[in-house]
Number of protein chains: 2
Amino acid sequence: MKKPRANSRGETRSAEGLGADLHLDRLDLQGHGLRASLMDALREAVRTGRLAPGVRLPSSRTLATDLSIARNTVADAYAELVAEGWLTAQQGSGTRVAQRSAPRRAPASGTARVVPQRPTPIRTPGAIYSLLPGNPDLASFPRTQWLAAARRALTAAPHEALGYSDPRGRVELRTALADYLARARGVYADPDRIMICAGFVHGLRMIGAVLSARRVRAVAVESYGAPQYQELLTEAGLRTPALPLDEGGTRTEDLALRGVGAVLLTPAHQYPTGGALRADRRAAAVDWARATGGLVLEDDYDGEFRYDRQPVGALQGLDPERVVYFGTTSKSLAPGLRLGWMVSPRSVAQEAVAAKGHVDWAPGALDQLTLAEFITSGEYDRHVRAMRLRYRRRRDELVAAIAEHAPAVRVSGIAAGLHAVVELQPGTERSVISSAASQGLAVEGLESFTHPSAAAPASDAGAGAGPDGEGAPARRGDALVVGYATPSDSAWSGALAALCGVLSRPEFGSKIHP
Amino acid sequence: MKKPRANSRGETRSAEGLGADLHLDRLDLQGHGLRASLMDALREAVRTGRLAPGVRLPSSRTLATDLSIARNTVADAYAELVAEGWLTAQQGSGTRVAQRSAPRRAPASGTARVVPQRPTPIRTPGAIYSLLPGNPDLASFPRTQWLAAARRALTAAPHEALGYSDPRGRVELRTALADYLARARGVYADPDRIMICAGFVHGLRMIGAVLSARRVRAVAVESYGAPQYQELLTEAGLRTPALPLDEGGTRTEDLALRGVGAVLLTPAHQYPTGGALRADRRAAAVDWARATGGLVLEDDYDGEFRYDRQPVGALQGLDPERVVYFGTTSKSLAPGLRLGWMVSPRSVAQEAVAAKGHVDWAPGALDQLTLAEFITSGEYDRHVRAMRLRYRRRRDELVAAIAEHAPAVRVSGIAAGLHAVVELQPGTERSVISSAASQGLAVEGLESFTHPSAAAPASDAGAGAGPDGEGAPARRGDALVVGYATPSDSAWSGALAALCGVLSRPEFGSKIHP
């Protein structure tokens with residue numbers, strides 16, 4: 001159905017010739033050079049998801065033949081895309097689309113976007129090891145116990161559980177969560193206020209709709225955080241001014257200056273810098289919410305994992321009528337489950353049901369019932385305890401290995417969670433990441449998590465004033481955000497050795513060379 | 001936290017006194033009478049989902065004591081709400097919130113709605129039996145086989161399957177579906193064009209976003225259909241003019257007159273009137289789409305279930321570049337799975353990935369992998385075959401019983417699907433439903449599925465012109481839409497007897513009395 005197109009040299013080439021797996025139907029080999037055009041087409045295919053992560057590309061020879069262009073052109077394009085992190089080239093496995101989660105910034109078709117530009121994260125060519133943050137150890141998912149819980153749950157389920165459900169999710173799961181969250185996280189939760197959702201992004205999207213309906217115009221965010229959440233709020237039409245961060249955590253006492261209707265926080269374990277929000281800052285957030293009618297959005301993404309200090313209860317316990325609490329199984333079990341929950345103030349709970357619309361985004365009933373059974377049978381606690389020990393051991397090994405091989409490097413944010421911040425010499429972040437990438441190690445820099453308004457150099461911190469008259473949040477130095485939960489047990493020691501190998505190089509400021 | 005309020009008699013009553021399960025915190029017993037206020041509060045609690053379907057209410061005695069009002073006031077309010085269908089009163093089971101799916105019209109918070117008003121469906125008090133359409137026989141869900149498939153799938157799954165996924169869903173499931181849909185439904189599908197979604201509503205919402213982004217202003221719908229789909233499109237900012245229906249199906253040749261960018265059809269089995277779209281009408285839909293660049297949205301909700309005639313392949317096979325095909329497990333397995341799929345033209349597939357945003361509404365990976373295994377192992381085909389036999393037997397029993405007990409009543413739309421249309425004497429639809437309800441049988445009338453522009457009496461059909469200059473679609477006569485798949489096997493004969501008992505009454509035009 002597609003017509004062959006003529007290239008700049010007048011030759012006719014068919015985009016179909018790329019083979020069923022490529023579908024580079026936007027490939028336009030005219031204009032600014034063959035290699036650049038091919039790279040654009042491949043980037044576009046990856047960005048839109050048509051070339052899925054892990055998909056193997058044709059060999060450069062095959063593609064060159066299909067396109068009747070020089071093999072070197074294809075090989076160069078592949079190599080550059082590998083260097084940019086779009087593709088990976090692993091020996092024996094060919095060239096593949098890099099195994100990243102979804103594209104960071106899916107194009108919002110037809111809508112004008114006002115998302116501030118962040119630096120393009122450096123992607124990792126041919127990663128053998130990944131210390132990217134955000135995933136738990138997927139190899140440790142308790143498959144046997146989960147299947148056993150599924151069997152018990154499905155055997156016990158009433159027939160109506162298989163029908164259309166309560167928009168808030170199955171009552172069995174909401175009841176189990178109410179008990180668990182009260183016990184483990186100090187959350188004031190009754191099942192009526194809990195809504196099961198398909199993960200934090202789904203919950204945040206519903207709250208974004210609630211806030212928009214309430215005519216809220218802006219939601220404060222932390223100056224460091226996952227960029228997709230800020231982008232999601234921006235897409236919902238909300239401004240997202242950032243609050244500065246210091247050693248006590250995010251400066252919630254500045255909330256009154258921001259003119260916002262809500263604030264998104266990670267109180268138990270700031271993402272990704274790793275500190276806990278100090279008690280006075282917790283109180284300030286709640287006081288602000290009470291005084292202004294605002295809402296605190298508490299993202300408790302990994303509150304279960306805490307090592308050296310006593311668990312910090314959820315902020316929500318301070319005032320359940322002013323805090324929307326979000327939790328998830330994405331760190332405690334697996335992101336693939338797509339199971340999370342939000343606990344809302346009574347008023348918000350009703351509006352969230354409305355925002356959820358026609359129920360059809362609820363997670364499947366069987367997964368919900370299985371998780372309920374997994375929690376009530378005690379398996380969830382057992383699994384979290386086992387993983388806490390395992391992650392703590394890894395954290396200790398990380399700290400010890402860096403102390404041995406790169407003693408000048410400081411590791412922070414280590415009291416909790418699944419990742420640590422490895423602090424680098426100023427100006428070395430991108431070259432450390434590139435160097436790691438060339439060793440087959442995927443790591444992410446703090447830059448990717450930095451709010452645009454915090455991206456000014458540290459020396460300017462607090463000095464400038466943004467367009468909203470807001471002081472620029474303090475910028476942290478160069479650093480890696482190391483997800484030590486990500487590798488499987490078998491890959492862990494190799495990943496750690498690769499990291500230490502990079503950090504110990506003299507050009508990155510290491511004082512001793514191993 | 002809530003203050004007790006004074007009622008019109010100056011007495012103080014606490015809304016908290018209603019008990020943790022009720023939370024009637026909007027209960028305001030002032031104003032227009034106690035009974036009416038109590039009914040309003042209960043309706044509101046059901047509407048917002050805070051009182052979930054199936055939830056048991058306190059006895060009228062208990063609630064009356066809590067509120068210090070006369071027991072009769074509570075009992076009367078309950079009885080009226082039962083009559084209105086909000087609650088059910090079943091012997092031995094107390095008063096409960098009626099087992100309906102989600103509220104039909106969730107309030108779109110903060111957004112002005114322009115949804116045309118439909119008649120309020122008559123709800124069924126104290127239903128012992130349900131012949132409401134829309135559900136398969138949930139008691140027949142193949143629990144053992146599903147669990148076995150889950151075990152095989154989870155055992156074989158790579159670790160990365162438990163991580164964040166391709167926005168289109170797991171490739172295992174998309175591959176299995178591509179084969180199945182080609183074989184069973186004549187769908188031209190390659191895995192790249194398939195997107196897994198959480199049911200038809202989720203898919204339609206994504207396409208609604210795609211259409212809005214393309215600046216489409218209107219989507220034609222059939223003059224009979226599920227009202228929530230039309231409402232969803234309306235919420236997405238799209239007009240939804242209706243196409244008339246005659247014995248050849250929906251008049252797709254009228255599409256050119258409608259000025260629409262897409263049309264939503266149920267070609268294999270018109271919902272709910274039950275016919276198949278005639279070949280010339282199928283061709284007309286595709287011709288229109290080709291000529292105008294429009295899209296056909298094909299809702300193939302129960303295409304697997306076909307009894308007397310050869311399977312009608314999907315319309316999508318006529319032109320995969322002009323049709324978006326939607327399928328679901330909600331009729332073939334269970335709505336609680338929340339698993340559906342859409343097969344899009346290449347261009348739409350990319351835009352749908354973008355509309356899907358940040359991936360987090362995907363169904364859980366384990367359910368996706370289980371369904372893939374269920375299909376590839378042949379269990380899906382076996383289950384569909386078994387259910388086809390079972391539903392066909394029920395359909396035959398329905399037709400035979402009505403022929404025996406109410407021979408004047410015609411049953412139509414019976415060649416396929418999970419429901420039949422039982423045609424009533426003019427003007428009797430609502431009284432038949434009420435009469436059935438008083439016998440403990442829940443049924444739904446065709447009126448609930450009628451597009452507002454088709455609601456004029458049949459004699460006006462085609463004569464008037466709407467605000468868009470469109471002829472009013474022909475209105476069908478009074479009828480019941482009987483979901484014969486809904487009861488379990490054990491409830492089926494009782495449900496059928498109750499239906500025949502009502503239909504055979506002389507006041508509903510039956511010629512002989514049993």
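The model is predicted, with local features needing pLDDT of at least 70 and side-chain atom pairs counting only at pLDDT 80 or more, while totals for chains, interfaces and linings use all residues. Residues are numbered from 1 along each chain as its sequence is written, chains are lettered from A in the order in which they are written, and side-chain values use heavy atoms, without hydrogens and water.

Chain A contains 13 helices and 19 strands, taken as DSSP runs (H or I, at least four residues, for helices; E, at least two, for strands) numbered from the N terminus. Of its 514 residues, 59% are buried, that is, under 20% relative accessible area with a 1.4 Å probe and protein chains only, whereas exposed means over 50% and partly exposed in between.

Helix α4 of chain A covers residues 143–156. Its buried residues are A:Arg143, A:Trp146, A:Leu147, A:Ala149, A:Ala150, A:Ala153 and A:Leu154. Seen down the axis of α4(A), these fall within an arc of 160° and so line one face of the helix; the arc is that of the directions from the helix axis to the C-beta atoms. On the other side of α4(A), A:Thr144, A:Thr155 and A:Ala156 are exposed. The cover over the buried residues includes α10 of chain A, as well as α4 and α10 of chain B, where contact means heavy atoms within 4.5 Å.

In chain B, helices α11 (residues 379–405) and α13 (residues 489–503) pack at an angle of about 25°, with axes 10 Å apart. Axes are lines fitted to C-alpha atoms, for helices over the stretch in contact, and angles run from 0 to 180 degrees between N-to-C directions. α11(B) is therefore roughly parallel to α13(B), the term for angles under 35 degrees.

Key
The expected span of a helix is 1.5 Å times one less than its number of residues. Angles under 35 degrees count as roughly parallel, over 145 as roughly antiparallel, 65 to 115 as roughly perpendicular and the rest as oblique.
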